[in-house]
Amino acid sequence: MTCKNSIRLAARLCAASALFAQTAACGAELPADVPTVKDARKYLVSHTDAGCDDIDNVNLVKDDRMLVAWRSGRTATVIYDLHCEYSAARTRVFLQWRTFHGYRLMQFAKPVFELRWTDDIGSELAEKPRATGYEVVTRLPNGKIDPNSLEITSQDLWSADQESGEKGSWRYQENPGQYALTSFEVDPYSEHSLEPKRAATLKGKRFVIFPIENCVNEPAKK
């Protein structure tokens, strides 16, 4: 499959997923065996692979919620958006529950990259950052899920003044019940380490790590 065809297919899948989620959100009540948000949190705390805080603080879990991804009769697929741990970046995890299958901790592919600088203060990159591989993560800094499309985004801010960091997004695929990486970019420049003139030049400078550069910049055929 060519890069261009991949982009077109992704767009169709995304649109179909959004429509599907909106349709599933209406209609009959959920089957009686669908776990509550509280039940999902208990499972999460007992799931050591997630590495989430074993606490029950209303200020931290008040935003927990469940979203219906699919429903038909007595069967359903539900996504739980749950607080994981409190730190500089509030991390969240996402559980999937399916009738006859139970819980599944959602995993997300994340590009691995290296920043190579020309100096000690990080004022200039020696080369554009590129993906050298991929890792699988379950905790997403500042993770957010769109209630209609079920798309999940994450923004990991590095510096104390939150001027640099990385941002990714993942699309939900109903058939395999997994999330696929759709975009990932990094803003490596923190203004406090630069001279004012240089900071103004590089403010908001982002590098696309995924999709790969050749895919993003592929010229349209006439």
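The mean pLDDT of the chain is 80, and 70% of its residues reach 70 or more. Two stretches call for caution. Across residues 1-27 the pLDDT is below 50, and the model gives this stretch 31 contacts beyond near neighbours in sequence. Residues 215-222 also stay under 50, with nine contacts beyond four places in sequence. Where pLDDT is low, the predicted coordinates should not be read in detail.

Helix H2, spanning residues 37-46, shows a clear division between its faces. Ala 40, Arg 41 and Leu 44 are its buried residues. These residues lie on the same side of H2 because they cover an arc of only 100 degrees around the axis. On the face turned away from this buried side sit the exposed residues Lys 38, Lys 42 and Ser 46.

Turning to the strands, an open sheet is built from five of them in the order S8-S9-S10-S11-S12, with antiparallel pairing. Strands S8 (144-145) and S12 (207-210) stand at the edges; each has a single partner strand, so one side of each is left without a neighbour in the sheet. Strands of a sheet pair through backbone hydrogen bonds, either parallel or antiparallel. Between S8 and S9 (residues 152-157), the antiparallel pairing runs over two bridges, and Lys 144 stands opposite Thr 153 of S9. These two strands form a hairpin with six residues between them. In the turn of this hairpin, Leu 150 has a positive phi of about 70 degrees.

On its other pairing, S9 is joined by six bridges to the antiparallel strand S10 (residues 165-173). Here Thr 153 stands opposite Ser 169 in S10. Thr 153 therefore has a residue opposite it in each of two strands, Lys 144 in S8 and Ser 169 in S10. In a regular strand the side chains alternate between the two faces of the sheet. In S9, the covered face holds Ile 152, Ser 154 and Asp 156, while the uncovered face holds Thr 153, Gln 155 and Leu 157.

In one of them, Phe 113 and Phe 184 form a tilted pair, with 6.3 Å from centre to centre and 55 degrees between the planes. Phe 113 belongs to strand S5 (residues 108-113) and Phe 184 to strand S11 (residues 178-187), so the pair ties together parts that are 71 residues apart in sequence. Phe 184 counts as buried, at 3% relative accessibility. Tyr 172 and Tyr 179 make another tilted pair, as their ring centres are 5.1 Å apart and their planes stand at 50 degrees. Both tyrosines, Tyr 172 and Tyr 179, are buried. They also belong to a cluster in which ring pairs link Phe 94, Phe 108, Trp 170, Tyr 172 and Tyr 179.

Charged side chains complete the survey. Side chains of opposite charge can pair when their charged atoms come close. The structure holds nine salt bridges. One of them brings Arg 41 of the buried side of H2 together with Asp 64, with the closest N and O atoms 2.8 Å apart. Asp 64 lies in the loop between helix H3 (58-61) and strand S1 (65-72), so this pair ties together parts that are 23 residues apart in sequence. Arg 41 is buried at 9% relative accessibility, and Asp 64 is buried at 12%.

A salt bridge also forms between Arg 92 and Asp 81, whose closest N and O atoms are 2.6 Å apart. With Arg 92 in strand S3 (residues 91-98) and Asp 81 in strand S2 (residues 75-85), the pair ties together parts that are eleven residues apart in sequence. Arg 92 counts as buried at 11% relative accessibility, as does Asp 81 with a relative accessible area of 4%.

Arg 116 is partly exposed at 39% relative accessibility, and Glu 127 is partly exposed at 43%. Finally, salt bridges that share partners join Arg 41, Asp 64, Arg 65, Asp 81 and Arg 92 into one network.

Key: Residues numbered from 1 in each chain as written. Heavy atoms only, no water. pLDDT = per-residue confidence, 0-100. Contact = heavy atoms within 4.5 Å. Buried < 20%, exposed > 50% of the residue type's maximum accessible area, 1.4 Å probe, protein only. Helix = DSSP H or I, 4+ residues; strand = E, 2+ residues; numbered from the N terminus. Arc of directions from axis to C-beta. Phe/Tyr/Trp six-rings, centres within 6.5 Å; stacked < 30°, edge-to-face > 60°. Pairing = 2+ DSSP bridges. Salt bridge = Lys/Arg side-chain N within 4 Å of Asp/Glu carboxyl O.
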